[in-house]
Amino acid sequence: MSTTEPITRPLTVDLQREYEEAGVGDVLDELDRTLVGLKPVKKRIKETAALLLVERARKAMGLAHDTPTLHMSFTGNPGTGKTTVALKMADLLHRLGYIRKGHLVSVTRDDLVGQYIGHTAPKTKEILKKAMGGVLFIDEAYYLYRPDNERDYGQEAIEILLQIMENKRDDLVVILAGYADRMDKFFESNPGFRSRVAHHIDFPDYSDGELLQISLGMLERQNYRLSDEAKAVLESYISHRRGQPHFANARSIRNALDRARLRQANRLFEAGLGPLDADALSTIEASDIAASRVFGQSTGPELAGGTTEQEIPA
């Protein structure tokens with residue numbers, strides 16, 4: 001006759017030890033290293049980690065517990081780190097045992113919504129199948145809902161998403177992202193989403209100083225450096241570019257540095273200086289940035305190939 005061994009529950013839990021063993025600190029430290037600023041965002045992530053640690057401890061001790069709703073809304077302007085934070089969040093949730101795989105599937109409306117009857121459901125379900133066990137990141141989520149178009153199939157995708165978000169919330173986390181004002185309207189029009197999204201995190205724009213720090217970090221990772229004069233010109237560039245249309249925070253800065261590297265390469269090639277050392281090949285000079293059309297023109301004249309200054313800062 002077999003007997004069932006009683007379940008042994010711990011009498012105490014060391015949250016700090018759980019924190020370290022799960023590697024939560026590693027994820028948060030990496031987030032600090034890779035993302036400048038965003039203090040309120042990082043604070044919310046740490047709070048979420050603390051909640052999950054406590055819930056896991058309560059489960060281990062046999063206390064009443066319920067899988068917390070982890071679906072989220074990330075709001076903010078482009079280039080503020082929403083996708084990067086979503087990746088870190090997927091890693092964090094996996095380490096804490098709240099998702100099986102820890103991968104991120106990033107999609108937009110076009111990946112979910114079909115163009116004819118019967119097309120949307122299989123597209124949406126296929127994406128959900130890929131995302132299950134991880135995080136589904138829907139960028140510019142408000143484009144799913146187009147009430148002005150009677151023949152639009154976005155509502156079908158929304159209904160499928162809402163069902164999965166409720167029934168599979170222990171195996172899938174959905175993060176909706178986009179501009180704050182448009183996301184507000186989206187939630188007003190789709191109350192089912194608002195009731196299922198417990199965590200709303202706003203991503204602030206970067207300050208001039210933070211954008212400069214981001215610039216220096218980007219260059220350092222690519223083994224480039226700014227001369228003292230170039231650094232001063234870049235500070236001026238950032239101030240000018242922020243006030244122009246279609247500014248996308250770190251994304252715009254990355255584009256600007258790519259253009260500066262292009263000018264640097266052209267300058268070195270045309271100068272015919274002969275053999276060049278590593279310092280010459282790695283130094284961005286003031287002229288490489290000062291040549292940008294951002295200085296003196298804010299309407300975005302056309303660049304080579306018909307691309308406007310607003311779309312790709314020079």
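Analyst: A salt bridge here is a side-chain nitrogen of Lys or Arg within 4 Å of a carboxyl oxygen of Asp or Glu. Side chains of opposite charge can pair when their charged atoms come close. The model is predicted, so local features need pLDDT of at least 70 and side-chain atom pairs count only at pLDDT 80 or more, while totals for chains, interfaces and linings use all residues. Residues are numbered from 1 along each chain as its sequence is written, and side-chain values use heavy atoms, with hydrogens and water left out.

A search of the whole structure finds 12 salt bridges. Start with Glu47. Its partner Lys43 has the closest N and O atoms 2.6 Å apart. Arg44 also pairs with Glu47, and there the closest N and O atoms are 3.7 Å apart.

Now the surroundings. Buried means under 20% relative accessible area, exposed over 50%, partly exposed in between (1.4 Å probe, protein chains only). Glu47 counts as partly exposed because its relative accessibility is 36%. Arg44 is partly exposed at 26%.

Another pair is Arg109 with Asp152, whose closest N and O atoms are 2.3 Å apart. Arg109 lies in helix α5 (residues 109–112) and Asp152 in the loop between β3 and α7 (154–167), so the pair ties together parts 43 residues apart in sequence. Both Arg109 and Asp152 are buried.

Methods: Helices (H or I, at least four residues) and strands (E, at least two) are DSSP runs, numbered from the N terminus.
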